[in-house]
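We will go from stop to stop, and at each one you will be told what to select and what to look for.

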Amino acid sequence: MITRLKWFFHPVFIFVFSILALALSLFLYIYWYIEVSTGLKAAVHRYNLDPQQILEAQTWVVILVLSILVGLILAGIFIIFVYSQKMARLNRLQHEFINNFTHELKTPVTSLKLYLETFLKHELPRMEQAKYIGYMLQDVERLADNISHILNLARIETKTFGGDFLPADLVETLRQFYQNNRHLFRGCDIQIHSPSGNPFFYNINAPLFEMLVMNILNNAVKYNDSEKPKVDIYFMNKNAKLHIRFEDNGIGIEKADAKKIFRKFYQTKRPDGFSPKGSGLGLYLVQNIARMHRGKVIAEKRRNEKGSVFTLILPLHPKHA
Amino acid sequence: MQDSGKKRILIIEDDTHIAEGLKLNLSLQGHEVDIAFDGVSGLQKWKTQQPHLIVLDIMLPGIDGLSVLRSVRLEDERLPILILSAKGSPEDRVKGLTYGVDDYLAKPFNLEEFLLRVERLLARVSWAGETDDNDPALFPRTYSFGSNRIDLGASTADCRTGRITLTEQEVKLLKLFIANRGKPLSRKQILKIGWGYTGIMNTRTVDNFVVRLRKYFEDDPHQPVYFRSLRSMGYIFDHEDPATS
């Protein structure tokens with residue numbers, strides 16, 4: 001167990017305390033300054049000097065300069081405070097992530113080990129063997145997914161992801177992608193709608209773009225308790241921007257979580273059955289990839305129906321995208 | 001290996017592959033195996049099927065494994081429970097053991113070791129079944145605080161209104177409070193452990209129950225001394241140590 005910090009070492013206390021101290025010192029500077037200058041005024045008066053020359057103008061300049069300086073210090077403290085809070089949060093999230101991620105890695109490994117040891121121990125009929133080997137393959141897939149998530153994260157964060165941004169028709173790209181990965185979405189109903197029928201050309205990095213789509217579709221299917229998971233993909237032109245909407249019939253998303261889910265390591269906590277079962281990286285990757293394409297992704301709850309909508313918004317200036 | 005006869009084993013594990021792999025192996029060992037994929041159905045199956053042993057995962061959807069363990073322990077202190085968890089640090093093990101688990105294996109585990117431990121646990125139960133209530137238990141048979149004396153074994157209590165009979169749920173809740181004397185319990189925790197429900201259930205149930213316990217045991221139910229409320233937290237049960245006579 002971590003020993004709890006004494007309350008007077010808590011960053012919030014230190015922050016409030018130093019701001020109070022600073023405000024008080026500003027007050028005292030000004031107070032004393034005025035006191036001294038009234039003394040001076042009296043002296044000037046007594047010795048019959050020209051008051052205009054020494055006093056008036058200076059008082060306000062001094063107060064102004066002091067205030068600006070103190071203001072700068074305050075702003076500095078504030079920035080350091082926010083920054084340290086952010087760091088603390090990231091640390092905590094990273095810790096949680098390591099816990100969750102070890103679980104994510106250990107579960108398929110446990111399953112694999114269990115079946116391999118079972119095969120060593122027992123001679124099973126061919127049919128059963130095939131079934132369990134199928135399980136093992138799925139586990140290997142899961143492991144591979146987790147590992148590639150981590151590797152991709154590192155490459156995207158350090159911006160060392162290879163490949164060029166080349167123009168491509170997004171509708172066609174999505175169709176192709178779905179054709180090639182159909183086996184991953186067995187039992188799901190995925191439809192691509194492009195009402196205008198026009199191609200939408202945009203400069204994309206194909207592997208990254210596919211990773212983005214894969215993550216959104218995976219989530220739509222993974223966080224889904226409907227009998228038949230369904231995803232509708234709509235292409236729309238809106239205010240000189242291209243909107244690609246992914247509408248699913250899954251468990252939906254709480255308003256409070258709609259922004260947070262894109263944070264690194266963030267995982268929603270739900271009171272009902274669906275506990276987080278992921279790395280907390282998928283949507284973080286999605287948002288980063290969208291940014292690399294000069295776009296963004298927003299998430300929301302579907303208004304009248306069950307499920308959530310993820311919208312990829314890309315600016316339609318294909319020439320210099 | 002010594003055969004301990006056909007036993008019913010309940011596996012509470014949310015990963016289908018691991019659950020089925022365990023079931024396969026335990027069935028091949030000659031046991032009757034059932035699987036529950038979350039805490040709520042795990043507790044239901046434990047009640048309806050009365051297994052001889054539970055294999056329990058900790059990270060479960062809904063009610064987590066440790067709450068399942070505590071819930072079972074309120075009613076059955078002897079049922080062997082083996083935790084199988086990805087959390088294998090000494091702190092996690094100690095936590096499990098303090099809540100009364102019999103054995104703890106970290107994932108990934110060795111199949112042979114797992115099977116041997118299961119057999120050992122099952123064998124021990126069949127011996128213990130012959131002796132009677134003399135072994136140390138988590139809960140004493142009787143418990144006194146203030147002017148109240150509760151007989152947990154016979155489900156009766158002597159309190160300010162005289163002798164009353166307690167319902168099964170009341171005994172369970174009292175045990176939960178006694179086991180956590182001096183420690184705050186949130187309404188949600190009480191609901192999870194005492195009733196086996198998840199957060200969807202209304203926490204008013206807990207409040208109503210505490211009102212009833214106060215009526216039994218407090219000298220002035222409106223100014224509770226033993227079952228105190230904690231603002232925005234839940235409840236805490238505490239009392240002075242009875243004078244040794």
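Is A:Ala144 buried or exposed? Before selecting anything, note that this is a predicted model, in which local features need a pLDDT of at least 70 and side-chain atom pairs count only at pLDDT 80 or more, while totals for chains, interfaces and linings use all residues. Residues are numbered from 1 along each chain as its sequence is written, and chains are lettered from A and ligands numbered from 1 in the order in which they are written.

**Chain A**

Select A:Ala144, which lies in helix H4 (residues 126-157) of chain A; helices here are DSSP runs of H or I with at least four residues, strands are runs of E with at least two, and both are numbered from the N terminus. A:Ala144 is exposed, because 11 other C-beta atoms lie within 10 Å, and a residue counts as buried with 20 or more other C-beta atoms within 10 Å of its own, as exposed with 12 or fewer, and as partly exposed in between, with C-beta atoms placed from the backbone.

Next, colour chain A by pLDDT, the predictor's confidence in each residue from 0 to 100. Chain A averages 83, and 90% of the residues score at least 70. Over residues 271-276 of chain A, however, the pLDDT is below 50, although this stretch has 15 contacts in the model beyond near neighbours in sequence; a contact means that two C-beta atoms, placed from the backbone, lie within 7 Å. Where pLDDT is low, the predicted coordinates should not be read in detail.

**Two sheets in chain B**

Move to chain B and select the open sheet of five strands in the order E2-E1-E3-E4-E5, where the pairing is parallel; two strands pair if DSSP finds at least two bridges between them. Its edge strands are E2 (32-36) and E5 (103-106) of chain B, each of which pairs on one side only. Inside this sheet, strand E3 (residues 53-56) and strand E4 (residues 81-85) of chain B are joined by three bridges, and B:Val55 has B:Leu82 in E4(B) as its bridge partner.

The other sheet to select is open and antiparallel, with four strands of chain B in the order E6-E7-E8-E9. Strands E6 (142-145) and E9 (162-165) of chain B stand at the edges with a single partner strand each, so one side of each has no neighbour in the sheet. E6(B) and E7(B) pair over four bridges, and B:Thr142 has B:Asp151 in E7(B) as its bridge partner. Two residues lie between these strands in their hairpin, where B:Gly146 takes a positive phi near 55 degrees.

**Helices of chain B**

Select helix H3 (residues 65-75) of chain B, which is mostly covered, since nine of its eleven residues are buried, among them B:Leu66, B:Val68 and B:Leu69.

For the last stop, select B:Lys172, B:Leu173 and B:Leu176 in H6(B), which meet B:Ile190, B:Ile193 and B:Gly194 in H7(B).
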